[in-house]
Amino acid sequence: AEWCITCKANEKLVINSSGVVKAIKEKGIVAVKGDWTTGDPIVGEALASYGGNGVPFYVVLSKNREIVLPTLLT
């Protein structure tokens, strides 16, 4: 969300870092971002479906499992 300072820090320092961007590209990962700036109920439902109730919330999905990442990414 635009108002989320932690979200912005995670994006700048981790998600958009060259290493993460490179890994996503090399491994053919599809990155999806749900923006909850306006409180969109669809994003809220997606958060709830993985056990989240606020932002930031990160989940990595694979064929076999779901991995919920910590709020502060490193």
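A residue is called buried when its relative accessible area is under 20%, exposed when the value is over 50%, and partly exposed in between, with a 1.4 Å probe and only protein chains taken into account. By this rule Glu-11 is buried, because its relative accessible area is 17%.

The structure described here is a predicted model, in which local features need pLDDT of at least 70 and side-chain atom pairs count only at pLDDT 80 or more, while totals for chains, interfaces and linings use all residues. Residues are numbered from 1 along each chain as its sequence is written, and side-chain values rest on heavy atoms, with hydrogens and water left out.

**Overall form**

The protein contains three helices and two strands, where helices (H or I, at least four residues) and strands (E, at least two) are DSSP runs numbered from the N terminus. Read from the N terminus on, these elements follow the order α-α-α-β-β. The C-alpha trace spans about 35 × 30 × 20 Å along its principal axes. For 74 residues, a compact globule would have a radius of gyration near 11 Å, and the 13 Å of the protein agrees with this; the radius is taken over C-alpha atoms, and the globule rule is 2.2 Å times the number of residues to the power 0.38. Of the 74 residues, 18% are buried. The accessible surface, computed by the Shrake-Rupley method with a 1.4 Å probe and, for residues, with only the protein chains shown as cover, comes to about 5700 Å², and 59% of it belongs to carbon and sulfur atoms.

Helix α1 covers residues 5–15, and within it Cys-7, Asn-10, Glu-11 and Val-14 are buried. These residues lie on the same side of α1, because they cover an arc of only 115° around the axis, the arc being that of the directions from the helix axis to the C-beta atoms. On the other side of α1, Ile-5, Lys-12 and Leu-13 are exposed. The buried residues of α1 pack against α2 (18–26) and β1 (58–61). Glu-11, with neighbours within four places in sequence left aside, is in contact with Asn-16 and Lys-33, contact meaning heavy atoms within 4.5 Å.

**Salt bridges**

The structure holds four salt bridges, each defined as a side-chain nitrogen of Lys or Arg within 4 Å of a carboxyl oxygen of Asp or Glu.

| Pair | Closest N and O atoms |
|---|---|
| Glu-2 and Lys-8 | 3.2 Å |
| Lys-8 and Glu-11 | 3.8 Å |
| Glu-26 and Lys-22 | 3.8 Å |

Glu-2, Lys-8, Glu-11 and Lys-33 are linked in a network of salt bridges. Lys-8 and Glu-11 are separated by about one helical turn, because they are three residues apart in helix α1. In helix α2, Glu-26 and Lys-22 are four residues apart and therefore also about one helical turn from each other, and both are exposed.

**Other surface positions**

Val-60, Ile-67 and Leu-69 form a nonpolar patch on the surface, with about 190 Å² of accessible area together. Patches are made of residues with over 30% relative accessible area and no salt bridge, like charges being joined within 9 Å and nonpolar side chains (Val, Leu, Ile, Met, Phe, Trp, Tyr) within 5 Å. Ile-67 belongs to strand β2 (residues 66–69). Glu-45 lies in helix α3 (residues 41–49) and counts as exposed at 55% relative accessibility.
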